Amino acid sequence: MVMTNKTTEYPHDVLPSTKQAAYDDSGQTYYRVPPSSLTSLSVRKAVSISLALLIVLLFELFRLGSRLALESNSLVLSDESERFWGQYSPYYSVEEYQPPPSGCSVTQVNILQRHGARYPTSGASKEIQASLRKLLNASKYSDMKMEFLRSYQWHLGEADLVPFGATQSFQSGAEIYHRYGRLVEDDILPFVRASGGDRVVKSAVNWTAGFADASGQLYHPTVSVIIPETEMSNNTLEDHMCPNSRASEDEANVWRDMFSVPIVHRLNTAAVGAEILSEDVPGLMSLCAFETVFEEKASPFCDLFSLEEFQAYEYYQDLLKYYKTGYGNPLGRVQGVGYVNELLARLRGRPVEDRTQTNSTLDSSPITFPLDRTVYADFSHDNQMVAIYGALGLLPQMCPPNPTKADPRRTWVISRLVPFSGRMITERVQCSEGGTPGDFVRILINDAIQPLAFCGSGDGLCGLEAFVESQVYARRNGAGDFEKCFPE
C-alpha cells in the first residue's frame with residue numbers, strides 16, 4: 001500500500017490567471033501566463049475606499065469570466081479531425097450538462113477520470129518511429145504536404161503527461177467545483193485516489209489544484225490514496241489483474257486493411273521508395289494527435305490525411321477497445337467489477353463487498369476508503385474505464401461491430417467514451433415524490449446522460465435500490481468470470 005497526502009501550493013508571488021497551473025513531466029513545474037496588470041497591482045494603504053471597491057469588483061468579474069470559460073470547455077484544439085482520434089482525442093462535452101429534474105438535487109458525486117493528454121507509450125513510440133523512418137528515408141517527395149519531412153526530427157517523449165494534458169485536469173477540477181461546490185465543506189472535502197502511474201498521479205494532483213483555485217483557495221483537497229500498479233497489488237483503477245485475458249486485434253486489422261488501401265497508395269506515390277504498408281497507417285495517423293496535444297497546434301501530419309480517413313481511423317480504435325477490455329472480450333468487463341462494488345458501497349454508505357480486484361486493507365479503513373464524503377474523484381486509464389463501463393452494463397451492444405462497415409449511428413465510439421481526460425460521473429440524486437424523498441442515480445459519460453434502461457424508464461434516472469439490484473454481475477463478483485482470469 002502506498003499513500004500520499006500531497007497539498008498543491010502555488011508560488012507565493014504568483015496570482016491566479018486564466019491559464020492556470022499545469023503540472024506535467026517536463027520538470028514538474030507549474031506553467032502560467034503572466035498575471036495581468038490588474039491582478040499584479042499592489043494596493044497601497046493610501047488607496048481610497050472607492051478604488052479598493054473597484055478592484056474587488058473587477059476581480060470578481062475576472063473570476064466570473066474564468067468560470068464561464070471553464071464551463072464552456074475553453075481549452076480546445078483547432079484541428080477539425082480531433083474528435084476522430086479515438087482515445088487520443090482531447091476531452092470535450094458530448095452533450096451540454098443537464099441538471100437533475102425539478103424537485104431533485106445532487107447529494108453525492110463519484111468521478112472516474114482518465115489521465116490527461118500524454119506522449120505515446122514506449123511500445124507505441126517504437127512502432128510509430130519504425131513507420132516514420134520509412135517516410136523519412138524516401139528518395140523523393142512529390143507532395144508539398146510532405147516537404148516538412150525533409151528537416152523533421154523526432155521530439156516526442158514516452159508516456160509522460162504533456163502540459164496540455166496537465167491543464168486538462170486542472171480545468172476539470174475547476175469545472176467540478178463550479179458545478180458541485182455546494183456539496184463541499186471545510187470538513188467534507190473531495191476524497192481523491194489515483195492509480196500509481198506517474199501521469200495518473202499528476203493528473204490527480206492537477207485536478208486538486210484546479211478545484212482549489214476555483215474555490216478561491218478556500219478548499220484544498222489532496223490526493224489521499226495512490227494504488228501501486230504492480231502485479232502483486234490489487235487495484236480497481238488499472239487493468240492488470242486478469243492474466244488470462246486475451247485481446248483480439250483481428251477484427252480491427254480487417255478494417256485497417258480495408259480503409260488504408262488508398263492511403264498506402266497515396267503515401268507511396270508521394271514518398272518514393274517509402275514502402276509504406278497497411279500496418280504503418282494507424283501509427284502515422286496517431287502522430288497527428290500526439291504532436292498536436294504536445295505542440296498545442298495542429299501537426300503537419302494531420303494534413304496528410306482527410307477527415308473521412310480520420311473517421312475510419314476512429315472506427316479502427318473503436319474495434320480495438322471493444323475486443324480489448326470491452327464487450328468483445330469474454331474477460332473484459334470482469335476487470336471493472338471491483339470499482340463497481342466500491343461505487344455501490346459509496347452510494348449506499350456501506351462497507352465494500354467484493355472478492356475481485358479491491359484492496360481489502362484499503363477499502364476496510366475509513367481513512368483510505370471513507371463512506372461519508374459527498375465528492376469522490378478517482379483517476380485511472382482508458383482500458384480500465386472501458387472495462388468499468390461494461391461491468392456496469394453501460395452502452396450495451398446488440399451485436400458485435402461489423403469489421404467491414406462502420407455504423408454511423410453506433411454508440412460505441414471511443415473518442416466519446418475515454419478521450420484524454422475523459423470522465424464518468426455518477427450522481428446520487430435526492431428527489432421528492434409526493435412529499436416523500438427518494439434517492440436516485442444518474443450516470444454521465446463526458447456529460448452525456450446514460451439512459452440506464454436496465455433499471456429505470458430509460459430517462460437516465462434510476463432508483464438507488466433498483467440500481468443496486470441491477471448490478472448483479474458485479475455483486476456476484478463477475479459471476480464466475482473472475483476465476484477464469486487465472487491459470488488453473
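Predicted model: local features only at pLDDT ≥ 70, side-chain atom pairs only at ≥ 80, totals over all residues.
Biologist: How many helices and strands does the protein chain have?

Modeller: The chain has 14 helices and 10 strands. Both are DSSP runs numbered from the N terminus: helices are H or I with at least four residues, strands are E with at least two.

Biologist: Why is H3 called oblique to H4?

Modeller: The axes of H3 (residues 163-180) and H4 (residues 198-214) come within 6 Å and cross at roughly 45 degrees. Axes are lines fitted to C-alpha atoms, for helices over the stretch in contact, and angles run from 0 to 180 degrees between N-to-C directions. Under 35 degrees is roughly parallel, over 145 roughly antiparallel, 65 to 115 roughly perpendicular, and the rest oblique. Therefore H3 is oblique to H4.

Biologist: Which residues make the contact of H3 with H4?

Modeller: Contact means heavy atoms within 4.5 Å. Among them are Phe170, Ile176 and Tyr177 of H3, and Trp207, Phe211 and Asp213 of H4. By class, the contact has nine nonpolar, seven polar and one charged residues. Ala, Val, Leu, Ile, Met, Phe, Trp, Tyr, Cys and Pro count as nonpolar, Asp, Glu, Lys and Arg as charged, and the others, Gly among them, as polar.

Biologist: What does the contact of H9 with H11 hold by class?

Modeller: H9 and H11 (residues 382-392) pack at about 65 degrees, with axes 8 Å apart. Their crossing is right-handed. Val337, Tyr339, Val340 and Leu343 of H9 meet Ile388, Ala391 and Leu392 of H11. That gives seven nonpolar, no polar and no charged residues.

Biologist: What makes the pair of tyrosine 97 and tyrosine 180 edge-to-face?

Modeller: Rings of Phe, Tyr and Trp (its six-membered ring) pair if their centres lie within 6.5 Å; planes under 30 degrees apart are stacked, over 60 edge-to-face, the rest tilted. Here the centres are 6.4 Å apart and the planes stand at 80 degrees, so the pair is edge-to-face. Tyrosine 97 lies in the loop between H1 (49-71) and S1 (104-114) and tyrosine 180 in H3, so the pair ties together parts 83 residues apart in sequence. The structure holds 19 aromatic pairs.

Biologist: How do you know whether tyrosine 97 is buried or exposed?

Modeller: Buried means under 20% relative accessible area, exposed over 50%, partly exposed in between (1.4 Å probe, protein chains only). Tyrosine 97 has 18%, so this residue counts as buried. Tyrosine 180 has 3%, so tyrosine 180 is buried too. Across the chain's 488 residues, 55% count as buried.

Biologist: Why is threonine 356 called buried?

Modeller: Its relative accessible area is 5%, so threonine 356 is buried. This residue lies in the loop between H9 (337-348) and H10 (360-363). Leaving aside neighbours within four places in sequence, threonine 356 is in contact with Asn234, Met241, Val337, Gly338, Asn477 and Phe482.

Methods:
Residues numbered from 1 in each chain as written. Heavy atoms only, no water. Left-handed = near helix turned anticlockwise from the far one by under 90°.
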